[in-house]
Amino acid sequence: MGTVSVANKDINVSLAEKKPRVVFVLGGPGSGKGTQCANIVEHFHYTHLSAGDLLRAEIKSGSENGTMIQNMIKEGKIVPSEVTIKLLQKAMLESDNDKFLIDGFPRNEENRAAFEAVTKIEPEFVLFFNCPEEEMEKRLLSRNQGREDDNIETIRKRFNVFLESSLPVIEHYKAKEKVREIEAAKPIGEVFEAVKVVFTPKAEKVVA
Ligand SMILES: Nc1ncnc2c1ncn2[C@@H]1O[C@H](COP(=O)(O)OP(=O)(O)OP(=O)(O)O)[C@@H](O)[C@H]1O
Ligand SMILES: Nc1ccn([C@@H]2O[C@H](COP(=O)(O)O)[C@@H](O)[C@H]2O)c(=O)n1
Ligand SMILES: [Mg+2]
């Protein structure tokens with residue numbers, strides 16, 4: 001695998017030439033996407049790109065888009081695709097890896113269509129953490145990571161956005177038979193056992 005570095009201005013090596021393998025990781029707020037991605041990275045050597053984390057880093061960097069992004073996150077709204085896709089493209093180009101977990105993206109139809117049009121990348125599959133709202137709410141209210149959107153008012157807005165805008169994206173991929181659904185309202189270790197089955201190549205699966 002060739003090293004791709006935006007810092008070295010190696011602009012001739014495009015994302016298309018790199019041909020990254022992408023898994024979209026979706027699920028409601030607090031369903032455990034970030035927690036399980038950390039386990040997948042450790043066991044299956046993917047690079048984890050959380051769209052939310054990239055947007056929060058952009059705010060901290062003092063970027064010209066920072067205030068707009070911060071306001072959108074506080075309201076639980078989806079940031080324009082152009083901004084998020086640029087951050088994802090940059091992160092993929094800067095990585096030496098060619099396998100990516102894209103967590104929390106695409107969040108709506110605009111995200112999905114724009115990513116496909118700009119990058120020409122189709123996900124290998126979509127990992128969907130299905131979790132009841134009641135459980136997600138409990139987890140978010142005790143997350144304690146100082147996130148400005150982990151308050152009950154914003155959490156309710158995020159749940160609405162998930163139902164109205166993100167579930168249709170999951171339906172889109174279900175129609176293409178690309179969704180691998182995981183029951184996420186179980187202890188972290190049990191959820192990961194189900195995740196492992198999805199990521200383990202068929203030939204390696206032991207028949208009991
Ligand atoms: N299976 C689980 N059982 C109990 N708690 C969990 C489980 N998975 C994650 N958590 C906890 O719930 C909180 C939310 O998890 P996490 O940050 O992974 O969710 P997320 O889907 O990435 O949420 P968001 O969309 O808000 O970023 C964390 O405090 C995490 O430790
Ligand atoms: N594709 C995305 C992903 C996230 N956002 C904004 O960030 C917030 C937090 O995202 P998490 O995945 O960390 O929960 C989210 O509520 C959105 O405001 C986005 O705009 N587009
Ligand atoms: Mg997360």
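How many residues surround ligand 1, and which are the closest? In this predicted model, 17 residues surround ligand 1, and the closest are Lys33, Thr35, Arg143, Arg158 and Lys186.

**Ligand 1**

Ligand 1 sits in the largest pocket. The elements that contribute two or more residues to its shell are α2 (33-44) and α7 (133-141). Helix α2 gives the most, with three residues. By residue class, the shell around ligand 1 divides into five nonpolar, six polar and six charged residues. Among the polar contacts, a polar side-chain atom of Arg158 lies 2.7 Å from an oxygen atom of ligand 1. On its own, ligand 1 has 630 Å² of accessible area, of which the protein covers 79%.

**Ligand 2**

Ligand 2 also sits in the largest pocket. Of the 16 residues around ligand 2, those that come nearest are Arg56, Lys77, Val79, Gly104 and Arg147. A nitrogen atom of ligand 2 is 3.1 Å from an N or O atom in the side chain of Asn111. Taken alone, ligand 2 exposes 450 Å², and the protein buries 96% of that area. The elements that give two or more residues to the shell around ligand 2 are α3 (51-60) and α4 (66-74); α3 gives the most, with four residues. This shell comprises seven nonpolar, three polar and six charged residues.

**Contacts with ligand oxygen atoms**

| Residue and atom | Ligand | Distance |
|---|---|---|
| Gly30, backbone N or O atom | ligand 1 | 3.0 Å |
| Gly34, polar backbone atom | ligand 1 | 3.0 Å |
| Arg56, polar side-chain atom | ligand 2 | 2.9 Å |
| Lys77, polar backbone atom | ligand 2 | 2.6 Å |

Conventions: Residues are numbered from 1 along each chain as its sequence is written. Chains are lettered from A and ligands numbered from 1 in the order in which they are written. This is a predicted model: local features need pLDDT of at least 70, side-chain atom pairs count only at pLDDT 80 or more; totals for chains, interfaces and linings use all residues. Side-chain values use heavy atoms; hydrogens and water are left out. A residue is near a molecule or strand if one of its heavy atoms lies within 4 Å of it. A polar contact is a pair of N or O atoms within 3.5 Å; within protein, one must be able to donate a hydrogen and the other to accept it, and residues adjacent in sequence count only if both atoms are side-chain atoms. Accessible areas come from the Shrake-Rupley method with a 1.4 Å probe; for residues, only the protein chains shown count as cover. On a 1 Å grid over the protein atoms alone, a cavity is a set of points where a 1.4 Å probe fits but cannot get out, and a pocket is an open set with protein on both sides within 12 Å along at least five of seven lines; lining residues have an atom within 4 Å of a point. A molecule sits in a cavity or pocket if more than half of its atoms lie within 2 Å of its grid points. Ala, Val, Leu, Ile, Met, Phe, Trp, Tyr, Cys and Pro count as nonpolar, Asp, Glu, Lys and Arg as charged, and the others, Gly among them, as polar.
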